[in-house]
Amino acid sequence: MGQEISFFEFSDNDFICFQQKLQQETARLKQRVKSKGFSKRVPVVGFEIEAWLVNDNMQPMPINERYIANMDNPLVSAELARFNVEFNSEPLVLTADVFSQMQTQLQTTWNTGFKEAEQLKSQLLMIGSLPTLKQADLTLDNISNLNRYYALNQQILTTRNKPIALDIKGLERLNFTQNNVMLESAATSFQLHTQLPLTIAHHFYNAALLSSAAMAAVCANTPFLLGKDLWQESRIPLFEQAIDSKEAQARFKRVSFGSGYVTHSITECFIENLQYFPVLLPDIKESPTDAFEHLRLHNGTIWRWNRPLIGFDKDGTPHIRVEHRVPAAGPTVIDSIANAAFYYGLTQNLCDEIIANGTLIPFSYAKKNFYSAARYGLDAPVEWLNYKKYSLHNLLNQELLQRASQGLATLGVDRDESDFYLEIIRQRIKSRQTGSVWQRQFVQIQGADFKTMTQHYLANQQMGKPVGTWSLY
């Protein structure tokens with residue numbers, strides 16, 4: 001959800017004061033990094049998963065306020081739209097049987113959440129975008145009742161001084177303008193967090209950039225958006241355009257793959273935030289500089305697909321996390337955890353190689369690979385080590401799956417655990433059936449009846465079998 005704020009209307013003085021505090025906290029961050037004043041804990045992981053509340057006709061139900069009140073769980077929160085909710089996990093050490101623990105957490109929360117939805121004559125659905133969603137659903141009548149969201153809507157439109165223009169060219173084209181930021185609520189994701197020692201955080205961040213193409217393709221689950229067949233992972237262009245506040249320099253976008261590798265320290269991202277991104281939410285806090293409240297709030301308005309975060313251990317020591325925002329939500333609980341296993345293993349292996357040998361391919365290649373994978377999925381053309389060209393499907397089979405296995409072994413993940421979850425990814429790649437591929441094939445065979453397709457999707461989701469094994473009938 002992001003950090004809630006006290007107000008949604010601001011004065012010119014609020015922006016001036018906030019900017020001053022942001023400068024102070026960024027300077028303090030550099031000092032603490034230099035003095036090694038950050039947590040040294042071994043990798044700790046967690047997740048956020050966003051979901052839809054729908055009725056029996058698979059139409060969105062804007063009831064998250066009642067739903068969250070009934071759930072009465074601090075790990076369940078509102079998203080931008082009243083028909084979306086977010087489930088969070090408890091942190092876990094990345095070793096041994098971590099993925100079994102993650103699956104138990106998510107499955108338990110999901111089962112409880114699904115039962116609560118049924119009490120409200122609703123159903124809970126995890127998918128990249130709801131296929132039955134219409135532009136008429138994306139109005140401010142459906143915005144969640146939180147100051148943060150009202151303020152974001154107002155400030156982004158103010159900085160643009162014109163409506164948001166959406167123009168996505170895929171198998172079809174989606175092109176229209178929108179007078180609010182509710183387009184962002186059409187995309188739901190599975191976000192993976194990794195807390196890291198400061199000494200390797202920047203290397204892991206760079207490795208996450210390299211992993212992003214494979215993750216976009218393997219986890220693709222958003223082919224349809226507002227009735228149009230677009231990219232394999234249409235969330236990527238949607239979110240980038242939905243929160244486009246038109247910064248002064250085109251290189252720096254609110255939602256982006258980033259501007260380059262981090263070279264010396266993860267603080268480079270926060271310095272870039274200060275230098276190139278105007279403040280959107282100048283909510284002034286009376287807090288010590290070491291709380292980094294203004295820095296964290298500002299960072300929360302910049303949505304890199306791999307985003308560094310600052311948090312705190314239980315003893316108050318600040319820590320660095322890398323948030324990986326690439327995967328779509330769904331298709332099932334077990335698919336989600338398999339996606340997490342593949343990400344952590346692959347990224348750890350690439351991180352180790354970066355530490356040993358430096359960044360493996362130019363940043364421009366990593367960026368190009370990412371957008372190619374989001375558009376074309378497993379069939380995407382990519383460029384890899386030694387400037388060789390591959391189809392992503394072949395690269396996964398020939399190298400990346402093995403790298404993921406090696407990375408999990410390095411982390412101390414149990415061999416049976418690693419083999420079990422990576423086999424789900426391997427089967428998905430072998431069958432060439434991601435969530436996006438299944439949705440497209442269903443429509444090709446059964447016709448563009450998005451209600452029926454979503455009902456079948458939900459039925460498969462409830463059975464809990466990996467998407468690579470789903471039938472089309």
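Trainee: Let's take Arg307 first: is that residue buried or exposed?

Mentor: The idea is to look at relative accessibility and check it against a cut-off: under 20% means buried. This is a predicted model, and in it Arg307 has a relative accessibility of 8%, so it counts as buried. You'll find Arg307 in strand S13.

Trainee: Now empty space. How do I read that?

Mentor: Rolling a probe the size of a water molecule over the atoms shows where empty space is left. Start with the largest pocket, at about 1,300 Å³. Its lining has 46 residues, and those closest to the centre are Glu48, Asn88, His193, Leu309 and Arg321.

Trainee: Which element gives the most to the lining of the largest pocket?

Mentor: Strand S1, with six residues. Other elements supply at least two residues each, including helix H4 (147-160), strand S8 (190-196) and strand S13 (306-312). By class, this lining has 19 nonpolar, twelve polar and 15 charged residues.

Trainee: How much space lies in the second largest pocket?

Mentor: About 180 Å³. It has 14 lining residues, with Gln107, Trp110, Asn111, Gln461 and Gln462 nearest the centre. H3, H9 and helix H14 (450-463) each give two or more residues to that lining, and the largest share, five residues, is from H3. Its classes come out as seven nonpolar, seven polar and no charged residues.

Trainee: What about the cavities: how many are there of 30 Å³ or more?

Mentor: Three. The largest has a volume of about 80 Å³, and its lining includes Glu50, Glu184, Arg235 and Arg325. That lining splits into three nonpolar, three polar and four charged residues.

Trainee: Which classes line the second largest cavity?

Mentor: Eight nonpolar residues and one polar, with no charged ones. Among them are Leu210, Asn369, Trp384 and Leu400. Its volume is about 50 Å³, and H5 and H11 each supply at least two of the lining residues. Leu210 is a contact of Tyr261 as well.

Trainee: Last one, helix H12. What does its reach tell me?

Mentor: Compare the end-to-end span with the expected one. H12 covers residues 415-431 and reaches 24 Å from first C-alpha to last, close to the 24 Å expected. Its buried residues, including Tyr421, Leu422 and Arg428, pack against helices H3, H5, H9 and H11. Just after H12, Arg432 has a positive phi of about 55°.

Notes. Residues are numbered from 1 along each chain as its sequence is written. This is a predicted model: local features need pLDDT of at least 70, side-chain atom pairs count only at pLDDT 80 or more; totals for chains, interfaces and linings use all residues. Side-chain values use heavy atoms; hydrogens and water are left out. Helices (H or I, at least four residues) and strands (E, at least two) are DSSP runs, numbered from the N terminus. The expected span of a helix is 1.5 Å times one less than its number of residues. Buried means under 20% relative accessible area, exposed over 50%, partly exposed in between (1.4 Å probe, protein chains only). Contact means heavy atoms within 4.5 Å. On a 1 Å grid over the protein atoms alone, a cavity is a set of points where a 1.4 Å probe fits but cannot get out, and a pocket is an open set with protein on both sides within 12 Å along at least five of seven lines; lining residues have an atom within 4 Å of a point. Grid points are joined across faces, edges and corners, and a volume is the space filled by probe spheres set on the points. Ala, Val, Leu, Ile, Met, Phe, Trp, Tyr, Cys and Pro count as nonpolar, Asp, Glu, Lys and Arg as charged, and the others, Gly among them, as polar. Lists of a residue's contacts leave out its neighbours within four places in sequence.
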